[in-house]
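User: I have this protein open beside its sequence and would like to talk through it. Please begin with one residue and its contacts.

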Amino acid sequence: MGTWLSGVGIFLLVLLSAVLFLLWLRVRYEFRCFRYDTAGASFFVGWAGDLVAAEIRYHTGAGFYWRLKWPFGGLDSQRSRSEEQAAEGEAVERQEKQAADRDAAPAAPTEQRTSAQAPPKPEPDAVTATTAEGEEAAEQPSLADYLRLAAYAIREGIIGSTIQYICRVWGRMTPRYARGEGRLGLGDPYAQGLLLGALHAALPQVAARLQVTFTEEVAEGHLVIGGGVRPLMLCWDTLRFITAAPVRKTGLYYWRQVRK
């Protein structure tokens with residue numbers, strides 16, 4: 001018995017270690033876009049060394065393309081389209097075969113339909129309908145209910161905990177690199193100055209390689225932005241958010257109300 005329990009404990013420990021290792025692996029993402037004679041964009045997400053991946057691409061000449069990848073398999077839009085065409089062809093062949101069988105079968109004698117009609121369905125009682133409408137209207141929350149809910153969330157600190165959670169997640173998912181080059185001319189010096197200031201603040205690596213022109217309206221080049229996030233850290237942030245005092249107390253209170 002002791003040996004069996006120790007074996008189960010070792011198995012659970014190994015399983016937990018494997019799960020934590022997989023959750024520690026970074027989920028990588030990358031966004032690409034370009035605009036020259038044609039334009040296009042793509043977004044890629046990969047996990048565990050791209051063992052599991054998803055990608056969607058768009059090109060002005062080819063349209064949208066997507067693909068999914070997982071261990072020992074995958075799916076893409078071209079394969080999905082070919083499967084749809086095959087299914088449509090099979091459905092057309094099946095319909096043609098059924099039509100041919102009906103044409104080859106001998107005509108069956110037509111049966112005389114009775115003139116009796118099914119009794120009409122009873123109309124709902126006016127009082128019942130009015131009561132249902134009144135209950136439905138009573139269940140809809142008013143603006144005052146939403147305002148009271150917002151005031152409660154602010155007073156109890158739920159809004160603050162939510163903002164902290166969003167900031168943590170955004171900080172972990174912030175892009176880790178950005179590169180690209182291009183030419184930019186908007187024809188409006190004021191708007192162009194605002195855009196360049198925002199680019200220098202957010203993506204200085206890209207702004208440094210951007211050629212600015214004030215003599216023509218042009219926007220062409222390419223941009224690559226990428227980063228990653230560890231799912232284990234997102235799970236940790238989510239656990240901290242759920243167990244925060246305002247969220248925990250509010251959740252337990254409403255859970256007790258539902259149980260009653």
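**A conversation about the model**

Analyst: Setting aside residues up to four places away in sequence, glycine 228 touches Arg26, Val27, Arg28, Tyr29, Arg172 and Arg176; contact here means heavy atoms within 4.5 Å.

User: Before we go on, what sort of model is this?

Analyst: This is a predicted model, in which local features need pLDDT of at least 70 and side-chain atom pairs count only at pLDDT 80 or more, while totals for chains, interfaces and linings use all residues. Residues are numbered from 1 along each chain as its sequence is written, and side-chain values use heavy atoms, with hydrogens and water left out.

User: Back to glycine 228, then. Is it buried or exposed?

Analyst: Glycine 228 is buried, at a relative accessible area of 1%. Buried means under 20% relative accessible area, exposed means over 50%, and partly exposed lies in between (1.4 Å probe, protein chains only).

User: How many helices and strands does the protein have?

Analyst: There are 9 helices and 8 strands. Among contacts between residues at least 6 apart in sequence, 54% join residues at least 24 apart. Of the 260 residues, 17% count as buried.

User: And in which order do the strands of the sheet run?

Analyst: The 8 strands make an open sheet in the order E5-E4-E3-E2-E1-E8-E6-E7, with mixed pairing. Its edge strands are E5 (73-76) and E7 (210-212), each of which pairs on one side only. From one strand to the next, the twist averages 10°. Two strands count as paired if DSSP finds at least two bridges between them.

User: What holds paired strands together in general?

Analyst: Strands of a sheet pair through backbone hydrogen bonds, in a parallel or an antiparallel manner.

User: How many bridges join E3 to E4, and how many join E4 to E5?

Analyst: E3 and E4 run antiparallel and share 7 bridges, and they form a hairpin with 3 residues between them. E4 and E5 are also antiparallel, with 4 bridges. Their hairpin has 2 residues between the strands, and phenylalanine 72 in that turn has a positive phi of about 65°. Across this pairing, tryptophan 70 stands opposite glycine 73 in E5, and leucine 68 stands opposite leucine 75 in E5.

User: Which residue stands opposite glutamate 55?

Analyst: Glutamate 55 faces arginine 67 in E4. The two also form a salt bridge, their closest N and O atoms being 2.7 Å apart. That pair links distant parts of the chain, with glutamate 55 in strand E3 and arginine 67 in strand E4, 12 residues apart. A salt bridge is a side-chain nitrogen of Lys or Arg within 4 Å of a carboxyl oxygen of Asp or Glu.

User: Changing topic, which residues make the nonpolar surface patch?

Analyst: Phe31, Phe43, Leu51, Val52, Ile56, Tyr58, Phe64, Trp66, Leu68 and Trp70 make a patch of about 910 Å². The elements giving two or more residues to it are strand E3 (52-59) and strand E4 (63-70); E4 gives the most, with 4 residues. Patches are made of residues with over 30% relative accessible area and no salt bridge, with like charges joined within 9 Å and nonpolar side chains (Val, Leu, Ile, Met, Phe, Trp, Tyr) within 5 Å.

Technical notes:
Accessible areas come from the Shrake-Rupley method with a 1.4 Å probe; for residues, only the protein chains shown count as cover. Axes are lines fitted to C-alpha atoms, for helices over the stretch in contact, and angles run from 0 to 180 degrees between N-to-C directions.
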